[in-house]
Amino acid sequence: MIALLSMISCNQKTNVDLIVHNAIIYTVDEPFSMAEAFAVKDGRFVAVGDENEILDHFTASEVIDAQGHAVYPGFMDGHSHFSGYGENLVRWADLKGCRSYEEVIERLQEHDRRFPAEWLLGRGWDQNLWEPSVFPDNQRLAEVFPGRKVLLTRIDGHAVLVSKEVLDQAGIDADWHQDGGMALVKDGRCTGILLDNTADVAKALIPPMSREQKTQALLKAQENCLNVGLTSVTDAGLDIETITLIDSLQEAGVLKIHVNAWINPDDETMDHFMSQGIIDKDRLTVRSVKIYADGALGSRGAKLLAPYSDAPETSGLILESDEFYRHVCQKALENGYQVCCHAIGDGGVHHILDIYSEFLKGTNDLRWRIEHSQVVAEEDFQRYHDYSVIPSVQTTHCTSDMDWADERLGERIQNAYAYQRLLQQNGWVINGTDFPIEDISPIYTFYAAVARKHLDGTPSEGFQMENALTREQALSSITIWVAKGCFLEDRKGSIEVGKDADFVMLDRDIMTVEEAEIPNVKALITRTRL
């Protein structure tokens, strides 16, 4: 039965802007119903249903014959770093996938030849891919790039390797101490490896990009996102200047992708935005604040309740004081803002659940979130339900980490990347990529959720498959549940009458294609509402 707005005349066709027909349409509405065609006018779906009825009732200036291809709501990334990804594209060396420290050096040399600058920047190295899998040392940087300011961010964004010149400028030495951070020392000398808050001290020294460079970065990021089917992204932690620039580019009509922008938790930024109340524009949403409980598992900054299995001298870091967490939560609660807290280790998750419980009191619809939720203590799963805390996960983190995570966690691996169990607490889970930490592709996100394998299909049996998502759950996790996670489920996330006409057409149907083929699926058409 066709779903229509009350705009249809009985005797003549209604003019609309777009008709898509001869399609396999996954509406992702409440009953997860299917359709064959839809009509769009003024950027919204006005009819969804049977092909013959749509073609009988409507005429359009643009008609797309989908030729039997599958169509879905525009994919949404529930946790990413859109602005940071764009910056990486225009001035950082790509170090992802390097199989050794020497390969890192080689890529840096090539980048330096092509894009000479005062600072040599790179991102994406991961010592877990090397043999031996140990942190690098900046002595090699001194040999190859003498006198240079070099800063290389680890894949997780929570650790950096910096040259001595950067250490000197930051005033960091072997005696450095900072709450929520660390500088690694060997033989009485700082190695150049800085973790979490200490890494941030070094990052703060990098010269800012110009407005023109930032604009170029945002537009390049948008281009890549649209190419893979993303119509909405969540940017997890931004300052006033960047959000203002995004807003201006959207108002000018050049940035068409929807951005759910989370604000940084400093008082200046919180006061600036919270004094305006919730911002809900066609392309921009501002109603959330981002905080960090701990670091990352790969760099052993994630806070565990007990020491790391492969490093018993440490259990990770809690990055801020309880007074800070309570201050942010109180301001958010008073101003109707959502709190989104990065917590990866079971200690980080436990700690922030304790903080949240002081404010949430019980069942609620505030939708406060725990980002990543990678390791959860047995007794804490139920607390997601008790306080209506929503888990926001990145299923590709599981497939990136699964080859080494058991070394860090030991028996605790059984409660890690437990997406199905987390989903059952409140009936939904938000999914994303955390790009640029992972690839931007929502297809890879979907595949990791259902297969829990590397892109090459290994391991053949998958990883802890009891926590895989079904295909229906996985599709919901990158569409309607992301929309719900930012209070936009009445506007986005499904193909329904009255909602924004964001959609993507793929060359193969991810809901029915052989599992091994999912990573090869490509977007044919991506449309945003405006």
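This is a predicted model: local features need pLDDT of at least 70, side-chain atom pairs count only at pLDDT 80 or more; totals for chains, interfaces and linings use all residues.

Colleague: Is helix 11 mostly covered or mostly uncovered?

Modeller: An α-helix has 3.6 residues a turn, so residues three or four places apart point the same way. In this case helix 11 is mostly covered, with 11 of its 15 residues buried. Among them are Val349, Ile352, Ile355, Tyr356 and Phe359.

Colleague: Which elements do the buried residues of helix 11 pack against?

Modeller: They pack against strand 19 (284-292), strand 20 (338-343) and strand 21 (369-372), and also against helix 10 (322-335) and helix 12 (381-386).

Colleague: What covers the buried residues of helix 2?

Modeller: In helix 2 (residues 82-91), the buried residues are Phe82, Ser83, Tyr85, Gly86 and Asn88. Their cover includes helix 7 (211-227) and helix 8 (240-251), together with strand 9 (75-80), strand 11 (119-125), strand 16 (230-238) and strand 17 (258-263).

Colleague: I turn now to strands. How many bridges join strand 5 to strand 6, and in what sense do they pair?

Modeller: To read a strand pair, one notes the direction, the number of bridges and the residues that stand opposite one another. Strand 5 (residues 37-41) pairs with strand 6 (residues 44-49) in the antiparallel sense, over five bridges. Ala37 stands opposite Gly49 in strand 6. Two residues lie between the strands of this hairpin, where Asp42 takes a positive phi near 50°.

Colleague: What joins strand 5 to strand 2?

Modeller: Three bridges join strand 5 to strand 2 (residues 14-21), and the two run antiparallel. Val40 of strand 5 is the bridge partner of Leu18. Strand 5 is mostly covered, as four of its five residues are buried.

Colleague: Which peptide bonds are cis?

Modeller: The angle to inspect is omega. A cis peptide bond joins Glu131 and Pro132, with omega about 0°, and Pro132 is found in the loop between strand 11 and helix 4 (139-144). Another cis peptide bond joins Thr458 and Pro459, with omega about -5°. Pro459 has its place in the loop between helix 16 (442-451) and helix 17 (471-477).

Colleague: Is Gln67 buried or exposed?

Modeller: Gln67 has a relative accessible area of 60% and is therefore exposed, the cut-off for that class being over 50%. Although not a glycine, Gln67 has a positive phi of about 55°. Gln67 lies in the loop between strand 7 (58-65) and strand 8 (70-73).

Colleague: Where is Arg300 placed?

Modeller: Arg300 is in the loop between strand 19 and helix 10. Its phi is also positive, about 60°, although Arg300 is not a glycine. At 21% relative accessibility, Arg300 counts as partly exposed.

Colleague: Which residues lie nearest the centre of the second largest pocket?

Modeller: Rolling a probe the size of a water molecule over the atoms shows where empty space is left. The second largest pocket has a volume of about 460 Å³. Of the 21 residues that line this pocket, Phe135, Leu184, Ile193, Arg300 and Glu313 lie nearest its centre. The largest share of the lining, four residues, comes from strand 14. By class, the lining divides into 10 nonpolar, seven polar and four charged residues.

Colleague: What is the class make-up of the lining of the largest cavity?

Modeller: The lining of the largest cavity has seven charged, three polar and one nonpolar residue. About 60 Å³ of space lies in this cavity, and its lining includes Lys256, Asp282, Arg283 and Arg529. The second largest cavity has a volume of about 50 Å³, and Arg491, Ser494 and Met76 are among the residues that line the second largest cavity.

Note on methods. Residues are numbered from 1 along each chain as its sequence is written. Side-chain values use heavy atoms; hydrogens and water are left out. Buried means under 20% relative accessible area, exposed over 50%, partly exposed in between (1.4 Å probe, protein chains only). Contact means heavy atoms within 4.5 Å. On a 1 Å grid over the protein atoms alone, a cavity is a set of points where a 1.4 Å probe fits but cannot get out, and a pocket is an open set with protein on both sides within 12 Å along at least five of seven lines; lining residues have an atom within 4 Å of a point. Grid points are joined across faces, edges and corners, and a volume is the space filled by probe spheres set on the points. Ala, Val, Leu, Ile, Met, Phe, Trp, Tyr, Cys and Pro count as nonpolar, Asp, Glu, Lys and Arg as charged, and the others, Gly among them, as polar. Two strands pair if DSSP finds at least two bridges between them.
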